[in-house]
Amino acid sequence: MKGRSSELLEGALFDLVAYTREHFAREEEEMLRIGYAQTQEHVAEHAKLLKTVNALKTEFESGEKIDPLTLFNLLSHWLRHHILQVDMKLALALKRT
Ligand SMILES: [Fe+2]
């Protein structure tokens, strides 16, 4: 039987995977649409993040305990590096089109 914190983590991981896929797909469509010069690097970073998120979800589904620090580090890197730097460059490029 799952505990409350386990259910919350499962829901958060499920939402994170769904959000990640949708958000990345939308950005990648926009990059192709405008011929964004840094598409290759940006898409590679998406693939790396998605792989990490999927690995965490798989670990969780197989009954392994998720290290909260691993999840925190992933989200922290995502926010500080990817969203605030990589996505911002794309946002500026989209504004210029
Ligand atoms: Fe992105």
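Analyst: The crossing of α2 and α3 is left-handed, a label used when the near helix is turned anticlockwise from the far one by less than a right angle, with clockwise giving right-handed. This is a predicted model, in which local features need pLDDT of at least 70 and side-chain atom pairs count only at pLDDT 80 or more, while totals for chains, interfaces and linings use all residues. Residues are numbered from 1 along each chain as its sequence is written.

The axes of α2 and α3 come within 12 Å and cross at roughly 160°, where axes are lines fitted to C-alpha atoms, for helices over the stretch in contact, and angles between N-to-C directions run from 0 to 180 degrees. That angle makes α2 roughly antiparallel to α3 (over 145 degrees; under 35 is roughly parallel, 65 to 115 roughly perpendicular, and the rest oblique). On the α2 side the contact is made by His42, Glu45, Leu49, Thr52 and Leu56, and on the α3 side by Leu71, Leu74, Trp78, His82, Val86 and Leu90, contact meaning that the C-beta atoms of two residues, placed from the backbone, lie within 7 Å. By class, these residues divide into seven nonpolar, three polar and one charged (nonpolar: Ala, Val, Leu, Ile, Met, Phe, Trp, Tyr, Cys and Pro; charged: Asp, Glu, Lys and Arg; polar: the others, Gly among them).

Helix α2 covers residues 39-61, and another of its partners is α1, with which α2 packs at an angle of about 165° and an axis separation of 10 Å. The helices α1 and α2 are therefore roughly antiparallel to each other, and their crossing is left-handed. From α1 the contact draws on Leu9, Glu10, Leu13, Leu16, Val17, Thr20, Phe24, Glu28, Met31 and Leu32, and from α2 on Thr39, His42, Val43, His46, Leu49, Leu50, Val53, Asn54, Leu56, Lys57 and Phe60. In terms of class, 13 residues of this contact are nonpolar, five polar and three charged.

Apart from neighbours within four places in sequence, Lys57 is in contact with Leu13 and Val17. Lys57 also lies 9.4 Å from Leu16, C-alpha to C-alpha, although the two are 41 residues apart in sequence.

The remaining pair is α1 (residues 4-34) and α3 (residues 68-96), whose axes come within 11 Å and cross at roughly 45°. These two helices are therefore oblique to each other, and α1 passes α3 in a left-handed crossing. Here Glu27, Glu30, Met31 and Ile34 in α1 meet Leu90, Ala93 and Leu94 in α3, which gives a contact of five nonpolar, no polar and two charged residues. Glu27, placed in helix α1, counts as buried because 20 C-beta neighbours lie inside 10 Å. Along the chain Glu27 is 12 residues from Asp15, and their C-alpha atoms are separated by 18 Å.

Taken as a whole, the protein has three helices and zero strands, in the order α-α-α from the N terminus on. Its C-alpha trace spans about 50 × 20 × 20 Å along the principal axes, and buried residues make up 8% of the 97 residues. Among contacts with a separation of 6 or more, 72% are between residues 24 or more positions apart. As for confidence, the protein averages a pLDDT of 89, with 98% of the residues scoring at least 70, pLDDT being the predictor's confidence in each residue, from 0 to 100. Among the elements, helix α2 has the highest mean pLDDT (91) and α1 the lowest (89).

Notes
Helix = DSSP H or I, 4+ residues; strand = E, 2+ residues; numbered from the N terminus. Buried ≥ 20, exposed ≤ 12 C-beta atoms within 10 Å, placed from the backbone.
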